[in-house]
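User: I would like to learn to read the helix packing, pockets and backbone of a model. Please start with how angles are named.

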Amino acid sequence: MIGIFLFSERIRLWIVSRLEKKEKKSKFRSKMIHGISTSVSVSLSATIITTPLVAYHFGCVSLVSVLTNMLVVWVISFIFHGILLCLLASMLSTTLAVFISLPVSVPVYFVLFTSEFLSKLPMAAVYTSSIYTVVWLCGAYVLLTIFLLQKKKRPMFLAVSVLFTLLLSQTLSWIEPMTDDFRVTMLDVGQGQCILLQSDGKIFLVDCGGDDDEISADIAAEALLNQGISRLDGLIVTHPDRDHAGGVSYLLTRIHADRLILPYVEDEELETLAKATDGVVDYVSQDVVYSFGDTKMTIFAPFNYYSGNESSICILFQREDCGILITGDRGELGESVLLKEHNIPDVDVLVVGHHGSAGSTTDELLKATTPEIALISVGEDNRYGHPSQKVLDKLIEAGCEIFRTDLHGT
């Protein structure tokens, strides 16, 4: 309301001045101009105030909100009064209320369809998890402040400047990851795990679960969309525990995965995940090697067919100059079997098993792999006491540089 009070009328008058032609004045044209100018001015005015609040609270900036408002705002009044009429009619007759609700439901479906359709467009929203988006948003409000303080207002210059800096910020967000030949990102999803692997133009996500299923999925989706990625080459689930797989179904509603890679174990949750994807589903019952460019990804199959931490599949992601090992939630037994059955090479990065639990990351594993960097995905002040001080001491003794999501974020 503050935005509408401060800016709406001025924006409306500017739009009218650009659209009206003195030599052609008709009632229909005047009504059209009035409707368009009012809708745009109200939407823009409200957006000026709400955008930084939404960005701070929800971590996103909608770029289609003004267009959405323009398309649906004209039916909102009809819907509102129609619902009131249905409620009043229900006091007299349920049948009458149902009959009245039928025409009212049509514009409701129109609003929902329009909003959903526009939200799925590329660049429908940008996210503050990208520093480039934060810088652009701050810069846009600096430009707006300068514009308001100027005596001679130049709205088109302001609009072009904001649009140009937006495109520049998103271009930088997309280009930066491409400058790395080989890239691993451990996302801060709290007490869970979600790891992004990128190499030779291929993109794989390992697990998606954390403190909250939907929030974990949103964090993963936004990390991808910030890079202009709406499709994964593969989504790998190490095992079906909620802190590793809980957000997968939600994520698949926002990001398409060409391939869903699951451990071949008996579990209802995995069956549910398989039904949630329209991509290929691979059940790993024996070791699988994916090669692309200079990269090789080896997926080690579970050594038993029953759900649980020891059934976690393991991933070795390698280029000639770098190797990353992910062991899921395997404990001492699972790590021992992995080392006994496979020739695990030295790695540069070890994703510490089971969030730093005392029962994982054995001395034998550290001696066999000699990692330089240890990544721990763990929630702040979690009730499990992860990571264990015993494990941290082992990693320090092994000479590892330690990064933790509870201390360092993503």
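Analyst: Angles over 145 degrees count as roughly antiparallel, those under 35 as roughly parallel, 65 to 115 as roughly perpendicular, and the rest as oblique. Each angle, from 0 to 180 degrees, lies between N-to-C directions of axes, which are lines fitted to C-alpha atoms, for helices over the stretch in contact. Helices (H or I, at least four residues) and strands (E, at least two) are DSSP runs, numbered from the N terminus. This is a predicted model, in which local features need pLDDT of at least 70 and side-chain atom pairs pLDDT 80 or more, while totals for chains, interfaces and linings use all residues. Residues are numbered from 1 along each chain as its sequence is written, and side-chain values use heavy atoms, without hydrogens or water.

User: At what angle do the axes of H3 and H4 cross?

Analyst: Roughly 160°, and the H3 and H4 axes come within 9 Å. H3 and H4 are therefore roughly antiparallel to each other. For handedness, compare the near helix with the far one: turned anticlockwise by less than a right angle is left-handed, clockwise is right-handed. H3 passes H4 in a left-handed crossing. The H3–H4 contact has 22 nonpolar, seven polar and no charged residues. Here Ala, Val, Leu, Ile, Met, Phe, Trp, Tyr, Cys and Pro are nonpolar; Asp, Glu, Lys and Arg are charged; the others, Gly among them, are polar.

User: How do H2 and H3 cross?

Analyst: Their axes come within 9 Å and cross at roughly 140°. That makes H2 oblique to H3. The crossing of H2 past H3 is right-handed.

User: Which residues of H2 and H3 meet?

Analyst: Contact means heavy atoms within 4.5 Å. From H2 come Ser39, Val40, Ser43, Leu44 and Thr47; from H3, Ser65, Val66, Asn69, Met70 and Val73. By class, this H2–H3 contact has five nonpolar, five polar and no charged residues.

User: Is the crossing of H1 and H2 left-handed or right-handed?

Analyst: The H1 and H2 axes cross at roughly 145° and come within 7 Å. The H1–H2 crossing is right-handed. The contact of H1 with H2 holds 14 nonpolar, seven polar and two charged residues.

User: Now pockets. How much space lies in the largest pocket?

Analyst: Rolling a probe the size of a water molecule over the atoms shows where empty space is left. On a 1 Å grid over the protein atoms alone, a cavity is where a 1.4 Å probe fits but cannot get out; a pocket is an open set with protein on both sides within 12 Å along at least five of seven lines, and lining residues have an atom within 4 Å of a point. Points join across faces, edges and corners, and volume is the space filled by probe spheres on them. The largest pocket holds about 1300 Å³. Its lining has 33 residues, with Leu44, Ile48, Leu158, Ala159 and Val162 nearest the centre. H6 gives the largest share of that lining, eight residues. The lining splits into 27 nonpolar, four polar and two charged residues.

User: What volume has the second largest pocket?

Analyst: About 900 Å³. Of its 29 lining residues, Ser119, Lys120, Tyr127, Leu225 and Arg254 are closest to the centre. H4 gives the largest share of this lining, four residues. By class there are 15 nonpolar, nine polar and five charged residues.

User: Which peptide bond is cis?

Analyst: Most residues other than glycine have a negative phi, and most peptide bonds are trans. The bond from His386 to Pro387 is cis, with omega near -5°. Pro387 sits in the loop between S16 (373–376) and H13 (389–397).

User: Where is Asp200?

Analyst: In the loop between S4 (193–199) and S5 (202–209). Asp200 has a positive phi, near 50°, though it is not glycine.
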